[in-house]
There are 2 protein chains.
Amino acid sequence: MNYYSEQITNLIAELSSLPGIGSKSAQRLAFHIIGMPIEKVNHLTETITSARQNVRYCKECLTLTDRELCPICASDKRDHSVIMVVESTRDLAAYEKTGKYDGVYHVLHGAISPMLGIGPRDIKLKELMVRLQKEEVKEVIIATNSSVEGEATAMFISKVVKPTGIKCSRIASGVPVGGDLEYIDEVTLLRALEGRTQL
Amino acid sequence: MNYYSEQITNLIAELSSLPGIGSKSAQRLAFHIIGMPIEKVNHLTETITSARQNVRYCKECLTLTDRELCPICASDKRDHSVIMVVESTRDLAAYEKTGKYDGVYHVLHGAISPMLGIGPRDIKLKELMVRLQKEEVKEVIIATNSSVEGEATAMFISKVVKPTGIKCSRIASGVPVGGDLEYIDEVTLLRALEGRTQL
């Protein structure tokens, strides 16, 4: 790395510390940034700083937003009695893209993972329980990932939600639409079989 | 993209305008940056701004550096009578990594490309000619890429350097070390044949 002068080396090191950016991409990015007009570079750094400073948790669903209450929680058009529990803001966005879900969300910001030492207290589960107590909630839809951590989290949530008497469901697991059975792993195939629906 | 709040959307848009960063990577980066400690974010933006403001062309070889004269041009240990001509600072770094070249460089910042409308005047060729006139140069080694543009640039440089009487050479083109003949294109194979050396 010391084939470049100090400032370039620093920039490359800084960029390659970001996720998904290896040393080659970091070099490419660094030279691109150095060649950008200064106003564009200022715009880039201001956008980064502003997003970091202004983005916070929505006080209801805890998604990342730049307002006190995110647009979904603030909307009258959404059904506030149905809460979909997701692991991250990106998962929330994935469901929003479908355009068909009209309930609200709760973002856990993680999943239970004994391997990584992440327990129920390390994710936003307590906040979910507070919402269930004070709001009129009819259903909790657990939409954590279909990974080991996601499943463990789903199991845990269902155990704590059930005693409240609120309906608790889990999104279906099975063959993705357009998926070719031949290439799908056994666990998914078995899940799809277990979750079969009557025609 | 409007599934996220404005500041997040802006940040994602800004990041995905950088080369090699698609919309998925930009999302991942944006959420990473939002989750970073504020001092680290400030350090990132300051490094970007500082590199952009302080990096300039070396007044001798025109490589990107943060000093008036780059470390290579400023060094007594380098042979200033041999100039290797490269297309970019990254190509210079590639040769520096070998640790075996002890001459100096000249960075063209591009290659002649009639397709893209880049002519000899759009790259730092005039600056090379000025160096050849005022410095005592024994050899010019042309190390532009082995692409159509790189070859065209090499041809052009050799034509303008030859009348000065300075020795002019081109780095060898052929089978890469460790390369399997079976998988190498015909043009490279023919080049390797033409450039064969007596054993």
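Okay, so before anything else: what you're looking at is a predicted model. Let's start with the pair of chains. If you take chain A and rotate it by 180°, with 0.0 Å of shift along the axis, it lands on chain B with an RMSD of 0.1 Å. The two copies are thus related as by a two-fold rotation axis. And the same surface is used by both copies, since 100% of the contact residues of chain A turn up again in chain B.

If you want to find that axis on the screen, go to T45(A): of the residues of chain A, its C-alpha comes closest, at 2.6 Å.

What about the charged and polar side of things? Between chain A and chain B the count of salt bridges is 0. Polar contacts do show up, though: 16 residue pairs across the interface, both partners at pLDDT 80 or more.

Let's move over to chain B and look at its sheet. There, 4 strands make an open sheet in the order β4-β3-β5-β6, with parallel pairing. At the edges you have β4 (103–107) and β6 (167–170) of chain B, each with a single partner strand, so one side of each has no neighbour in the sheet. On average, neighbouring strands are turned by 25° against each other, direction ignored.

Zoom in on β3 (residues 79–86) of chain B: 5 bridges join it to β4(B), and the two run parallel. One place to look is V86(B), whose bridge partner in β4(B) is V107(B).

Last stop, the helices on this sheet. Helix α6 (residues 125–134) of chain B lies across β3, β4 and β5 (139–142) of chain B, at about 145° to β4(B). Helix α7 (residues 148–161) of chain B packs on the sheet too, touching β3, β5 and β6 of chain B, and its direction makes about 170° with that of β6(B).

How values were computed: Residues are numbered from 1 along each chain as its sequence is written. Chains are lettered from A and ligands numbered from 1 in the order in which they are written. This is a predicted model: local features need pLDDT of at least 70, side-chain atom pairs count only at pLDDT 80 or more; totals for chains, interfaces and linings use all residues. Side-chain values use heavy atoms; hydrogens and water are left out. Copies are superposed by least squares on the C-alpha atoms of residues with pLDDT of at least 70 in both. Contact means heavy atoms within 4.5 Å. Two strands pair if DSSP finds at least two bridges between them. Axes are lines fitted to C-alpha atoms, for helices over the stretch in contact, and angles run from 0 to 180 degrees between N-to-C directions. A salt bridge is a side-chain nitrogen of Lys or Arg within 4 Å of a carboxyl oxygen of Asp or Glu. A polar contact is a pair of N or O atoms within 3.5 Å; within protein, one must be able to donate a hydrogen and the other to accept it, and residues adjacent in sequence count only if both atoms are side-chain atoms.
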